[in-house]
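Work through the exercises below with the coordinates open. Each task is followed by a solution in steps.

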Amino acid sequence: MKDICGTVIAVNISERKGTEKREVDEIILKEDWGIENDAHAGKWHRQVSLLSYEKVEDFNKIGGAVGNGDFGENIVVSGIDFKTLPVGTRFYCNGVVLELTQIGKECHQHCTIYHRVGDCIMPREGVFTKVITGGVIRKGCRMFTKPPLTAAILTASDKGFAGEREDKTTAVVRTMLEENGYLVRETKILPDERDQLAAYMKHLADETDTRLLVTTGGTGFSERDVTPEATADVIEKAVPGIGETMRAQSLSITRRAMLSRATAGIRKRMLIVNLPGSPKAAGEDLSAVISELRHGIEILTGSASECART
């Protein structure tokens, strides 16, 4: 089976069985139970239901006029045709792992949509899953049919390491990575010491299965800003296009973006990307490249697939 990826369009819950679900901002999934506050949660094989967004759109084209949750589905996903996948397929989304347990269901009594339109797609297009690993899923999260790529975040900050400054950037970067299908296994704060930063980068690349290391901080003009130099000390191949793309996008926001020295490169099977230390700037820069990073890493590791472009 080819690797497939999609995007969560909506998440929905209903407090009582037999009622249409309502769209919510996010859902909390519990291992071997289902969705918190959803009536269908429990220790059984149909804990979470999923439906393809494209199937809903096709249904609406023939006069269905249905909204998210009207079919009783918990998660609506664009880009994945669920009914074509075998039972046992696992879906990975923002740290959550779901396992496909049933395709379609028998409709014992027709729903309001069937009586209104004369058809309902959930019995033949919807699928059901159980929760293997819990977490949070919200609109916009990426969903994959293969394990997520592993990532780490390294913050270079003298004050952060000494506990004199709160690190707010790691949380921003971590959220973005997890929503794009990465499993963040480690975060670390080190002082702005070139040798220490380089040693940690080498450790991750040489001794772990980390595929993406995102650094924050140390990319400016200060005498203590040495992250790009530490990166250059360890990489075997430079990837200048990543830094160029981030600066190009940031220039549309502030002319000071030209002062960033952020770089990127490869050591063994790990990609290193430098980001600035500001939460806002780090988020802006990462958003400029994150959609293509996965494809680069998959080429690096020999696992490129149809998920390469979004």
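Buried means under 20% relative accessible area, exposed over 50%, and partly exposed in between, with a 1.4 Å probe and protein chains only. The model is predicted: local features need pLDDT of at least 70, side-chain atom pairs count only at pLDDT 80 or more, and totals for chains, interfaces and linings use all residues. Residues are numbered from 1 along each chain as its sequence is written, and side-chain values use heavy atoms, with hydrogens and water left out.

**Exercise 1.** Classify the pair formed by the rings of Phe82 and Phe91, and state whether each residue is buried or exposed.

Solution.
1. Rings of Phe, Tyr and Trp (its six-membered ring) pair if their centres lie within 6.5 Å; planes under 30 degrees apart count as stacked, over 60 as edge-to-face and the rest as tilted.
2. The structure holds two aromatic pairs. In one, the rings of Phe59 and Phe71 have centres 5.2 Å apart and planes at 75°, so this pair is edge-to-face. Both Phe59 and Phe71 are buried.
3. For Phe82 and Phe91, the centres are 5.4 Å apart and the planes stand at 80°, so the pair is edge-to-face.
4. Phe82 has 0% relative accessibility and therefore counts as buried; Phe91, at 1%, is buried as well.

**Exercise 2.** Determine whether Ser49 is buried or exposed, and find which backbone nitrogen its side chain reaches.

Solution.
1. The relative accessible area of Ser49 is 4%, so Ser49 is buried.
2. Its side chain reaches the backbone nitrogen of Asn74 at 2.9 Å.

Methods. Polar contact = N/O pair within 3.5 Å; in protein donor to acceptor, adjacent residues only side chain to side chain.
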